[in-house]
Amino acid sequence: MGFKTITVKTEGRQLFLDITKHVRLVVRESGVKSGVVHVFIPHTTAAVTINENADPDVRQDILNCLEKIAPPAGPYMHAEGNAHAHIKAGIVGSSVAVFVEAGQLVLGTWQSIFLCEFDGPRTRNVMIRVTEG
Ligand code: ZN
């Protein structure tokens, strides 16, 4: 099968948005019982990661840590003013892969799939491809 693109709005400058339910829906609609789902974000100032879904402080701690590594004020050469967001997106990465078994995502109890916004608010696309096998 091909891939499906979902569109989400991020309603803040920097945040983690749980997109697990969107991925679950695409897996269910694919009919694939055993395989892998790839989640890819075609943007340079947002990222995708898997991390803890229980304590929201974990997400904030990650954002705070990235803020120390790449503070918005710079100095940077990139004139658009969002170099920090490009750096954070590069560190976190643009895709994740999750196994699918019995038609379900194989995630740990405390894991969710997050879109990481570093230069919002914006409308973001996420590409999801389910592969059987
Ligand atoms: Zn830029």
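Tutor: Donors are N, O and S atoms within 2.8 Å of the metal (3.2 Å for Na, K and Ca), and because water is not among the atoms, sites may look incomplete. The model is predicted, so local features need pLDDT of at least 70 and side-chain atom pairs count only at pLDDT 80 or more, while totals for chains, interfaces and linings use all residues. Residues are numbered from 1 along each chain as its sequence is written, and side-chain values use heavy atoms, with hydrogens and water left out.

Student: How are the donor residues of the zinc ion spaced in sequence?

Tutor: The zinc ion is coordinated at 1.9 to 2.2 Å by His78 (NE2), Glu80 (OE), Asn82 (OD1) and His86 (NE2). Written as a spacing in sequence, these donor residues give H-x1-E-x1-N-x3-H.

Student: Is the site of the zinc ion irregular or tetrahedral?

Tutor: Four donors count as tetrahedral if all angles lie between 85 and 135 degrees; four count as square planar and six as octahedral if opposite donors are over 155 degrees apart and all others between 65 and 115; anything else is irregular. The angles among the four donor atoms of the zinc ion run from 90 to 151°. The site is therefore classed as irregular.

Student: Is histidine 86 buried or exposed, or does it lie in between?

Tutor: Buried means under 20% relative accessible area, exposed over 50%, and partly exposed in between (1.4 Å probe, protein chains only). Histidine 86 has 27% relative accessibility, so this residue counts as partly exposed.

Student: Which residues are linked with Arg13 in a network of salt bridges?

Tutor: A salt bridge is a side-chain nitrogen of Lys or Arg within 4 Å of a carboxyl oxygen of Asp or Glu. The side chains of arginine 13 and glutamate 67 meet in one at 3.6 Å, N to O. The residues networked with Arg13 are Glu67 and Lys88.

Student: Why does arginine 124 count as buried?

Tutor: Arginine 124 forms a salt bridge with glutamate 117, with the closest N and O atoms 2.7 Å apart. Glutamate 117 counts as buried because its relative accessibility is 0%. Arginine 124 likewise counts as buried because its relative accessibility is 2%.
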